[in-house]
Structures are given as C-alpha cells and as structure tokens.
Amino acid sequence: MSGHTPAEILASHPFTADLSEEDRAQLARLARLAVYDPDDYLLREGQPATAFYLIVEGLVSIELFIPGHGPRPLQTVEGGSAVGWSWMLAPSRWEFDARALERTTAVVLDGERLRDLFIEDCCLGLRVVHRLLFVVAERLKAARLQLLDLYGPPREL
Amino acid sequence: MREPTGAPPPGANPYIPVPFRVSGRRRETADTVTLRLRSPSGDGLPFEPGQFMMLYVFGVGEVPVSASGAPRRAGILEHTVRAVGPVTRRLVALRRGDWVGVRGPFGRGWPLALAEGFDVLIVAGGLGLAPLRSALLQILAQRDRYRQVTVLYGARSPADLLYRLDLSRWQQRPDLELRVTVDRADERWRGQIGVVPALIAQVERHFEPARTVALVCGPEVMMRFTVRELQKRGVPDDLIYLSLERNMKCALGLCGHCQFGPAFICKDGPVMPFSRLAPFSEIREL
Ligand SMILES: Cc1cc2nc3c(=O)[nH]c(=O)nc-3n(C[C@H](O)[C@H](O)[C@H](O)COP(=O)(O)OP(=O)(O)OC[C@H]3O[C@@H](n4cnc5c(N)ncnc54)[C@H](O)[C@@H]3O)c2cc1C
Ligand code: FES
C-alpha cells in the first residue's frame, strides 16, 4: 500500500471509495501518506488537532495517559477506518492519544484545508461529514457496549 | 441441507446421572476451568457440538453445561465451567480423580451439516466460546466441507481469554481467519480493543452473506448487536444460529422451566435460528 499515491488509496479506502472521482481528487490534494512504526504516536492529547487520518493498514490504539499508570488504551482502530474528528471542531485540540500498535499506514488529510474545502463545496463537506458521523456513531456504540461490561460476573450486570 | 436433530438422551432413565471421573483439569482464567471427564466404562455420551449435559455434583446440585470438546471421542467429555454460584463453584474446585454425575446430551446443537458448502462465521463472546469451540474443532477436522471459516472472539480482558493454546494454533492456520478483541486492556496488550460485533465489518470480505451460516454465542446483548450487524450485511435470519441459555431443571421438555415463547430451550434449543426467535425478540430478551 505504501507504494501507492493518496489518490489511489482513496479510491479503495472504505471511507472514500464510494465518493465520486472528482470528490476524491479534491481530497487527495490535501492528503499525504504517512507510515508509523509500532509505538509511534499519530496524535497526542492537548496538541492542536490539525489532521484527519484514514487508516490504511495496521492497528492504532486510542488511549489516555493516566499519570502514575501510563497509557490506558480504550479502543483500537484498524485498517479501513478513520481516526480523529477534533479538527472539525475548530479551534481544537486532541482529546486523546493515538498510538500505532503495529506498523501502520495512513492517509493524512490537512484539517484546516479540509474545513476551507467544505465551505467552498458544502455538498462534498456533507458527504464527508456524513461518513464521519457514521464512524463516530459506531465508535460511540462500541464504547457504550464496552461500558456494560457484558462478560463480567452475572451479579455485576 | 438438513436440520440437526436433538439426540434423545441415551440410557434407560434420562433422570439418572452416569458417573464420570475427572481425568484432567486446565485453568483457563481466574474463575473458569476446563474439566476433562472420562467414563470408567469407556462408553461416552456421544454428543453433537452445541448440545449440553447436566453435570451433577453429588450432594450439591445439577447444572446445564455445554460440551466444549471435540465430539466423537469415546468416553471423554470436556466442559468449561465458570464459577458463578454454588454448583459451578464446586465444579470448578473438582480435582483429578473426583466424580461427577452426567446426564445428556440434551438439546439441538449447531447446524454443522447445514453449513457444509457454506462460509461459516463464528461469533463468540466470553464463555460463549465454549460450545463454539466444540463446533470449530469438528469443522477443522472436516475442513474441506466448508468454504471460508472465520472466528470472531471477544472477551472482557486479555486475562479472560479462554483456550489460549487453541487460539495461538488457530491463529497460525491459513484456512481460518481469527480475530480476537477485548473490552479492556492495559498497554501491554498489542491486539484489538473493542466489542465483538464491531469485528464483523473487518471481515466482510471473508464471507458471502447469502451463503454464510453464522454461529453466535455470548451474552444476549452481544448476540442482539451481532444479529443486527449480520442482518445489515444480508445474512438471512434462517442462517443466523444463536445458542440461548435459560435456567433449567428437567432438561427433558417436561417442567417448563426453560420456556421461551412456544419453545423449550432444553429440547428445541439451545441452538436456534434467529428466524424462529425473531417473533419473540421484542420481549426484551432474545
Ligand atoms: C444450555 C446451557 C449451557 C450452559 N453452558 C455453560 C457452560 O458451558 N459453562 C458454564 O460455566 N455455564 C454454562 N451455563 C450456565 C450454567 O448452567 C449456570 O452458570 C449454572 O446453572 C449456575 O448454577 P450455580 O448453582 O453455580 O449458581 P446459581 O446460584 O444458580 O447462579 C449464580 C448466578 O448465575 C446466574 N445464572 C444462573 N444461570 C445462568 C445462566 N444460564 N446464564 C447466565 N447467568 C446465570 C444467576 O442469575 C446468579 O446470578 C449454561 C447454561 C445453559 C442453560
Ligand atoms: S428444563 Fe424442563 S422443560 Fe426445559
């Protein structure tokens, strides 16, 4: 995958594959390819949220650093999904850390230029935000189920 | 394609337990062990994957427990038991050489004959892997009868993963796609964190929905969300099989303890297609 251009990857990535070629070309102009080694951080809590990550291959841990304990992983995101929506909510900072657990490839889209593009082309903005909402909803649903502690002892349910 | 049939309990009197001796005991997690039981006479109680036995601890009581081992091993049974109450605590505390009474097998198992020629998607949550392990062992023993075989398994934490040796063996197999996830972990865990229904999206390319038999077992909420994910992708309701648990007494379809809608889980289940359960699923339990 790392031999491909962002435009080629966007054509097959589940997040963007069903956008028009023209939409994808607009996104590709704001995109670069990045490769992370295990334990590299894609983004860190408190830093400015400047990018949107489409994970192509690998595994990313969304986590929170707890002083005295270290990183506490909360969910993982695998190839085919996306990481980070704080860039939409400007001016913003990342609320969590995202760390590669395996060698990970991502298409990284510039957040500020994405926001400008959405103002210029609201329809494209809506299509991307709709997809992003789907990712957010799936992640929220998963987090709610995790909260239930379904596999805990019966008395704790 | 043929439906599995619930084998009638063997022996003259299905109320009388057959004595088995504990011949092996493997600790799986802090509260769960797998017991290997051997019949002194060498005659087993042949079962189908997905069926259950009533295990009787002398002087304490009797509980339904799924068969978790390979079927068709004469005189040998495997059961994975989690200590949650008086009887299961005693079962978990049994040692080699102890005796346990066994009645069974009961109920209908997984539709492994029906699944021949189909993709098989196994979705297990927590202890739900126990009856599915038995199914998987049989599928792997006859691997060429099935198309793609995918196993999705979710546990509470890495320390709660059952059958670690099996998992690492299954991970190596090129003819099996295995994904494991946990609900919570510390930073030493390098695998996935999240709920098991969410794994279905990751393995979409490994199954053709209309030609997939899904075998699902776990807590009811997990099964509900799993069914939805399968339905969204077009797996037909009559090819989604769930294993249900209800409190049981006779296990013979007589006492009504395990009733679910018009069905008795001990006799018509525990494994049932979702198409049969769907009309009753709005009763807030699957
Ligand atoms: C078809 C079937 C297959 C089963 N397979 C297994 C298995 O492979 N391994 C295993 O460890 N257990 C299995 N169970 C569950 C097991 O039968 C119960 O945990 C057991 O009956 C509890 O008895 P107890 O005396 O130890 O505790 P109890 O005092 O009867 O119960 C202790 C706690 O467990 C809860 N509980 C009881 N039964 C169930 C149940 N069926 N599901 C969820 N919570 C329950 C009770 O509400 C209570 O909170 C199965 C149940 C069924 C119906
Ligand atoms: S346990 Fe008696 S009818 Fe099912």
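## Packing of two helices

Helix axes are lines fitted to C-alpha atoms over the stretch in contact, and angles run from 0 to 180 degrees between N-to-C directions. Helices are DSSP runs (H or I, at least four residues), numbered from the N terminus. In this predicted model, local features need pLDDT of at least 70 and side-chain atom pairs count only at pLDDT 80 or more, whereas totals for chains, interfaces and linings use all residues. Residues are numbered from 1 along each chain as its sequence is written, chains are lettered from A and ligands numbered from 1 in the order in which they are written, and side-chain values use heavy atoms, without hydrogens and water.

Helix α4 of chain A (residues 122–148) packs against helix α4 of chain B (residues 220–232) at about 160 degrees, their axes being 11 Å apart. The angle therefore makes α4(A) roughly antiparallel to α4(B) (over 145 degrees).

## Residues in the helix contact

From α4(A), A:Glu138, A:Lys141, A:Leu145 and A:Leu148 take part in the contact, and from α4(B), B:Val221, B:Phe225, B:Glu229 and B:Lys232 (heavy atoms within 4.5 Å). The contact of α4(A) with α4(B) has 4 nonpolar, 4 charged and no polar residues; Val, Leu and Phe are among those that count as nonpolar, and Glu and Lys among the charged.

Ligand 1 lies between chains A and B. Of the 20 residues around ligand 1, B:Pro64, B:Thr80, B:Arg82, B:Thr88 and B:Glu245 come nearest (a heavy atom within 4 Å places a residue near a molecule).

A polar backbone atom of B:Pro64 is 2.6 Å from an oxygen atom of ligand 1. Nitrogen atoms of ligand 1 are involved in two further pairs: one lies 2.8 Å from a backbone N or O atom of B:Thr80, and one lies 2.9 Å from a polar side-chain atom of B:Glu245.

Note on methods. Helices (H or I, at least four residues) and strands (E, at least two) are DSSP runs, numbered from the N terminus. Angles under 35 degrees count as roughly parallel, over 145 as roughly antiparallel, 65 to 115 as roughly perpendicular and the rest as oblique. A polar contact is a pair of N or O atoms within 3.5 Å; within protein, one must be able to donate a hydrogen and the other to accept it, and residues adjacent in sequence count only if both atoms are side-chain atoms.
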